[in-house]
Amino acid sequence: MRTRIRPIIGAAAALAIAAGLAGCATPAAEDDGVVVITVMGMPAATNTAALELFQQQVAEFEKANPDIRVVGSDVPWDAKTFAARLAGGSAPTLLRVPLTEPPSLIERGQVADIADEASALESFDELNPRIMEFLERDDAVYGLPEKSYAFGLVYNRDLFEQAGLDPDAPPTTWDEVREYAKQISDTTGKTGFGEISTNNSGGWHLTGYTYSRGGAIIEPGSDGRYVAAFDDAPTRDALEWWKEARWTDDSLGDDVLGKQEDMVAAFAAGNVGMWVSAPPDLYAQFLVAGGDPDIYGAGAMPQDGADATLAGATVLMVNAKAGDAEREAAVKWMEYRALRPNYDPEVAAQYAEVSAEDGLPVGVPALPIFTEERYQMIQDAIAEWVNVPVEQFDPYVASLDTFDYVPEPLVASQEIYAALDPVVQAVLTDPDADIEALLADAEARVNTILEQAQG
Amino acid sequence: MTSAPVRLPAPVLQAGEAPVTPAPATPRGRRAPGMRRRASIAGLVFLLPALLCFGWFAWWPIGQSVVLAFQQTNLVEPAEWVGWRNFEQLFADPLLPTAVLNTLWFTVLSLLIGLPLPLFVAVLMSELRRGGTLARVLAYLPVVIPPVVSVLLWKVFFAPGENGVVNAALGLVGLGPFPWLQSPELAMPSLVIVATWSGAGTAILIYLAALAGVSTELYEAAELDGASVWRRIWHVTLPQLRGVILVLLLLQVIGALQVFTEPYVMTDGGPANATVTVLLMIYRYAFLFGNYGVATALSVLLAIALVIVSAVYLRLTRSWSTS
């Protein structure tokens, strides 16, 4: 009995090991010379029309490039799982990430330099330098933009009317915002100005508010190494503004510890008068949360002493572990899927038609990723399908031409935001918070972070 | 009555500690040496799958993480040895003392609230003549709810202002409204309430099972002696449950020192670092900042601390739990 069973067990074990090894092998390159790339950004299965368009594009792309096979992934970017997937060899070839990520991805060497492939693209030279500066380091190019935005004021037109304010003339300075917020909360009982402060959003907002007051979060020292620069009037004023609005005016509402998603829900439910975010990016989320398009207003980023706003984007990058052929194929795909619709009017029209059929917003005014002329050309091409109340974005759009776009901190942005969150939270939850002491503490902490990040 | 009928499967083993071999039941020399060797080889063969599983999925990663604590890696290029630098960086972080104190504060609060409450409820439930099953189901129900769901629910209940569920309820008796999670002072107690609510069910069931094992003769004897209900609980129930209480206390300390879900989901460590815990720091270092070396260094320190706490605790309580 034993002698008969033993070979069977042995064979089974050998089979299991072989099967396991076969399962471990990554389909990086097939035998017939076809390069396989995994790309993020495939629409979710529920978004039928957009998914169909994506699949159609994949088929067309593969027909034009018979040596490339594209495998779509509808898993969104998640910093928490990315590193593990990278280590395990299952990270996608092409990453689609918010502009907060590139600095740390570049620092950690987790993304590839695509300068050779990108600079060969026809549309490369027309890319907006204001965005590309975040993706270029010296001669290296680490990514291409898919879409971009700048901070602005998002407001509820309905609450403005209820409070006796003109919905076509949103406030443009921080002093005005404070007045408007108080008027909204006094007359409607809703939150006049909404604020978020967890999951790094407090630090992110404080950075944007500091820029609008002419300040900086970090700046290069005499030796070129970055040091903290926010223990200064602009950041202090931003914190004082919060303190006054929260504790003197009582116009920030009771819940100041949320994150972006919480605020979108509260805003879509009509409980928040104004808040700061990226108006074009937020619009789609606002609709998904059940918001009424008629109440959506987008104004300029409030200012005090500067004409500047924090800029961001969704960008495409290539996994550092990708081989030469994969990198080349990924850049080709980026051009095909992300750049062309903003560059080629025919493709833009095709996109717009499908999106409009699926009830997705078409024509949301955005910060152009190419030149102004190119942007206009595309807007003309999609005009027939525009289904967004574009005029409600007018105050925001008008501001885009006049403001400087300031990038997020180029070193350790997430760590810096994490270090600033508690400062914002302290001011918003403790009426006796000592702003001077908080700033001094945070600056010391951020300097430690910067020292460690810069080696 | 000197020997307690409720006995632990004690002593509880620490990771890595070899089990104490029980004294042989049969006199030595009854079996031939060859037979014994064959028997132990057979035993090993039976153990092999379990050893491989534990080795591959638990001991090997644990060993690797100790190694990683002395390395710096971006998970792309080979890891680089950095000696004690991860630990130096960790100790230079001013948030570390805050996180340690917060974690201890959470542990103390959760013992103050979370230890007596389930015991009290279990004793009450064991006194029920009717509806005991229903009470057990109700007590255990919170445990069945996925932790993140219950924590998110409580986040809604703790909404500040008069409209929050908890504030509205307290408002009926003229209390509040309290800022709960929005206040640096109240945030931590709020988290402890949630943790107790979601964890008490298991403890209640364990106490109930132990209570069922207490001999009714003891109660009868106490009753004959004229002991009141409280005296019966104090002099019969509690001493009989001593072993279980001590084990649950240890489990609760270990669980509380590793608190993560509640602060992560409800407050993200806020407001103003009032609820940053050690595990939340580990999480941030690893997954937010991509600094796996420092994250692992802190994990190793936490593991060492837990082993020490457990060992000291077991040594201190060895005599109490068995006498």
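Predicted model: local features only at pLDDT ≥ 70, side-chain atom pairs only at ≥ 80, totals over all residues.
Axes are lines fitted to C-alpha atoms over the stretch in contact, with angles from 0 to 180 degrees between N-to-C directions. Helices are DSSP runs (H or I, at least four residues). The crossing is left-handed: the near helix is turned anticlockwise from the far one by less than a right angle. Contact (heavy atoms within 4.5 Å) involves residues including Tyr140(B) of H5(B) and Trp197(B) of H8(B).

In chain A, H11 (residues 260–268) and H12 (residues 279–288) pack at about 65°, with axes 9 Å apart. This crossing is right-handed. Gln260(A), Val264(A), Phe267(A) and Ala268(A) of H11(A) meet Leu282(A), Gln285(A) and Phe286(A) of H12(A).

The interface of chain A and chain B buries about 2,400 Å², 55% of it on carbon and sulfur atoms. Buried area is the accessible area (1.4 Å probe) lost on putting two parts together, summed over both. Chain A gives 30 residues to the contact and chain B 26 residues. Two salt bridges cross the interface (Lys or Arg side-chain nitrogen within 4 Å of an Asp or Glu carboxyl oxygen). One pairs Asp262(A) with Lys155(B) at 3.9 Å, N to O.

Residues are numbered from 1 along each chain as written, chains are lettered from A and ligands numbered from 1 in written order. Local features need pLDDT of at least 70, side-chain atom pairs 80 or more, while totals for chains, interfaces and linings use all residues; side-chain values use heavy atoms, without hydrogens and water.

Definitions and conventions:
Helix = DSSP H or I, 4+ residues; strand = E, 2+ residues; numbered from the N terminus.
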